[in-house]
Amino acid sequence: MEPKARIWLRYVSIFVFLLAAVFQTAFAVTHYTIPEEMDEGSVVANLVSDLGLDLKSISKRKIRLDVVANKKYLDVNKDTGELFILERIDRENLCPSKSVTTCVLKVDATLENPIRMFNIELEITDINDNAPRFRRDTMHLDISEATAIGERFSLTNAVDPDTGSNSVKTYYLSESDHFSIEIQTGRDGSKFADLILKKSLDREKQASHNLILTAVDGGVPARSGTANIIVRVLDTNDNAPQFDKDSYTINLTENAPTGSLVVKLNATDKDEGTNSDIFYSFSLYTSEKTQQTFSLNPDSGEIRVKEMINYEDFRIYDMEIIATDKGANSLSGKCKVRILVTDMNDNHPEISIKSFSSPVKEDIAVNTVIAVVSVSDKDSGENGQVDIHISDDLPFALKETSDNYYELLVSEPLDREKVPEYDITITVTDRGIPSLSDNETITLELLDVNDNVPQFPQTFYTIPVMENNAPGALLSSLTAIDPDLHENQYLVYFIIEKEIVNTSMSMLFSINPENGNLYALKTFDYEIEKEFLFHIEARDSGVPPLSSNVTVHIIIMDQNDNTPLIVSPWRAHGSVVEEKIPRSTDKGTLISKVIAIDSDSVHNSRITYQFLHNTDATLFSLDQYNGEIRTMRMFSYRDSRHQQLVVIAKDNGEPALSATVTIKLSTVETALKTYADMTEVPLGYDIFSDLNLYLVIGLGSVSFLLLITILVTIVLKCQKTKPSKAAPPSRNSVISERNSTIADSTLVSNDAYWYSLFLAETRKGKLVVRQPVPKGSRYIVSSIPRGTGMTETSDSAASTLQASTTTSSSST
């Protein structure tokens with residue numbers, strides 16, 4: 001219990017210490033007084049000495065000041081412990097209310113480790129830093145000249161954000177014989193001023209009075225603000241219009257355009273309103289010739305040229321102009337105008353081409369001289385001095401070589417393919433008023449150099465070619481573009497040699513060297529050749545020649561040029577197959593299965609099956625996709641014992657190709673041995689990527705297959721096949737007329753399609769062929785005696801494929 005008591009006493013001590021620190025923090029308030037607007041960096045006080053702190057611990061304990069109104073006015077120098085001004089303090093912004101007599105800024109200083117807080121109150125005293133300001137800078141007063149003396153007019157008062165003696169104290173009015181002011185004091189101590197008329201106004205002597213009202217505060221030094229008082233005096237029509245001058249002398253250049261302004265006369269009337277509205281007119285002393293030559297605008301007083309002026313015909317024009325006001329008793333004023341016609345700059349400057357080199361090569365060096373020109377002007381003085389220039393957009397520059405002689409230089413590299421020729425306009429302008437100019441245009445033609453590589457529109461060409469094309473057929477036109485000219489533009493096309501299986505590309509394709517037409521030199525077979533990839537080069541005839549090449553991808557397109565080959569059922573002679581079936585066959589029994597293959601592409605090799613002839617359409621059905629022939633019902637005594645079916649296998653090409661097979665069916669009363677009782681050995685199964693790969697493997701194994709075929713033929717000829725009398729009758733058996741051996745293997749696959757492999761005998765031997773068949777069927781492949789022979793028919797096959805409707809179990 002004693003250690004626990006000690007721990008409890010320790011916690012109580014810490015709590016008392018913290019409570020004392022909190023109370024000490026809460027009640028420690030330090031008060032300072034500073035004037036507003038102190039400079040940034042000014043020291044207010046030393047917190048280390050005032051708060052009794054240790055200078056070394058300030059930085060360690062991280063002293064900080066809080067932020068007031070998002071502004072940090074003060075900060076502490078952690079090296080000296082001094083509280084200094086971080087941002088100028090404006091008392092009027094901090095304490096905007098004038099009713100507040102004392103403006104105090106409260107700041108909390110915080111020390112950490114342990115936490116200790118100090119309340120600092122900073123009293124901001126006002127200084128006279130604001131001048132009085134009027135709400136309106138200008139005050140307008142309209143006072144009639146008949147206004148009585150002593151009349152008062154209220155004026156806008158001035159405001160001063162400072163307080164106490166620093167606010168507005170009095171007003172002063174600028175010196176005036178007609179006006180004075182009287183100062184009034186409001187209930188809140190604010191000062192106002194009234195304007196008092198002390199002398200009658202006379203508009204004929206002074207139409208308006210501009211006074212300045214000044215407000216002064218009581219600060220030391222005092223500040224002031226001013227406002228303008230504009231007094232407009234109303235009067236009667238007792239003043240006649242007056243021109244600015246009694247006479248005008250105007251110099252006018254001959255050939256001035258019609259409508260040109262000669263002079264704008266201005267007459268003024270001291271009156272107001274309609275009494276000051278003026279209209280202008282010619283007096284009777286103005287000659288008719290002058291009035292025909294010049295026009296006078298009665299409202300604006302503008303004199304303009306009415307007819308063409310010729311210095312040689314008339315040199316001086318005199319006229320008298322009257323200005324009349326529109327008052328009830330109109331008054332008028334007069335002035336005289338003399339117009340002196342002066343000679344004009346009527347000689348155009350001239351330009352002459354002394355030498356010019358054209359055409360030039362487009363790779364001409366910069367600063368090369370291509371032309372020399374001279375300029376002249378028959379006028380004298382400013383009118384005879386000329387300036388010469390060309391357009392800034394041209395890659396040329398002018399350089400003065402001697403007095404009035406200039407060289408035309410090439411200032412930038414030229415490119416004929418961008419600009420084949422330049423029309424260079426050289427302009428000369430004199431310095432007369434108005435100035436005259438002349439220009440001369442020369443055409444610079446550029447000669448081509450071989451500086452551009454032939455360019456094909458595409459970097460890669462894909463050209464589809466249908467198989468069985470005629471030799472020499474045009475495949476495409478590969479034309480390159482060369483912006484150069486003449487021999488630099490003449491292109492020759494080549495096929496870059498590349499060998500494929502010891503065959504050069506030039507033996508397969510040909511290109512016209514002049515126009516880039518690409519031809520096929522042989523007939524292509526999709527089943528053998530699928531695509532070709534090579535390069536064609538285009539070379540110009542420049543010196544040195546430039547060239548570029550492009551990649552060509554020839555894709556051989558499949559054509560439906562292979563007739564379907566029926567490989568099942570097997571036909572020994574011709575296209576007729578004879579089969580025997582029991583009359584007791586059930587409905588839905590698989591009678592036969594027609595299988596055909598097509599070596600075209602996938603689209604053209606899709607085969608469908610149809611009946612061309614069916615002795616009894618109600619007895620047999622044919623699946624158009626897998627070629628299965630099944631019974632639609634059981635045989636009756638009325639049905640003929642001999643049935644003939646003609647099946648056509650048609651591919652999906654356009655136009656479609658087809659092959660046919662004739663199946664003759666004979667019904668017997670006794671059932672033969674079923675396929676289920678026969679020994680079946682599973683056939684090895686393999687899937688190849690395509691028919692071509694399988695053909696290559698078959699041809700590579702021809703010797704082995706030939707040996708196997710000879711051995712099988714010998715064995716089959718030595719044996720005599722006899723029907724099994726012990727075979728139990730079965731409805732689901734299929735009898736073959738060939739008496740061939742049954743089922744070398746049964747094919748099973750888990751893929752989306754079942755692939756049936758069977759042997760097809762060709763002139764080169766037996767080949768393994770792959771044919772996709774619908775999933776769910778099971779096939780038994782029968783061996784074919786080599787010595788049986790083939791009948792020359794369009795749909796002859798070298799193997800037979802028999803279908804079993806029931807799942808055969810392997811027998812030993």
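I will go through the nonpolar cores and then some salt bridges.

This is a predicted model, where local features need pLDDT of at least 70, side-chain atom pairs count only at pLDDT 80 or more, and totals for chains, interfaces and linings use all residues. Residues are numbered from 1 along each chain as its sequence is written, and side-chain values use heavy atoms, with hydrogens and water left out.

A nonpolar core here is a set of buried Ala, Val, Leu, Ile, Met, Phe, Trp, Tyr and Cys residues joined through side-chain atoms within 4.5 Å. Buried means under 20% relative accessible area, exposed over 50%, and partly exposed in between, with a 1.4 Å probe and protein chains only. The largest such core has 28 residues, and Ile34, Val44, Leu74, Ile89 and Leu122 touch the most other members. A second, separate core has 26 residues, including Ile463 and Phe509.

Now the salt bridges: a side-chain nitrogen of Lys or Arg within 4 Å of a carboxyl oxygen of Asp or Glu. By this rule there are 17. Aspartate 448 pairs with arginine 416, with the closest N and O atoms 3.1 Å apart. Aspartate 448 is buried, because its relative accessibility is 15%. Arginine 416 is also buried, at 7%.

Glutamate 272 forms a salt bridge with arginine 232, and here the closest N and O atoms are 3.0 Å apart. Arginine 232 counts as partly exposed, at 38% relative accessibility. Which residues are linked in a network of salt bridges? They are Asp142, Arg203, Arg232 and Glu272.
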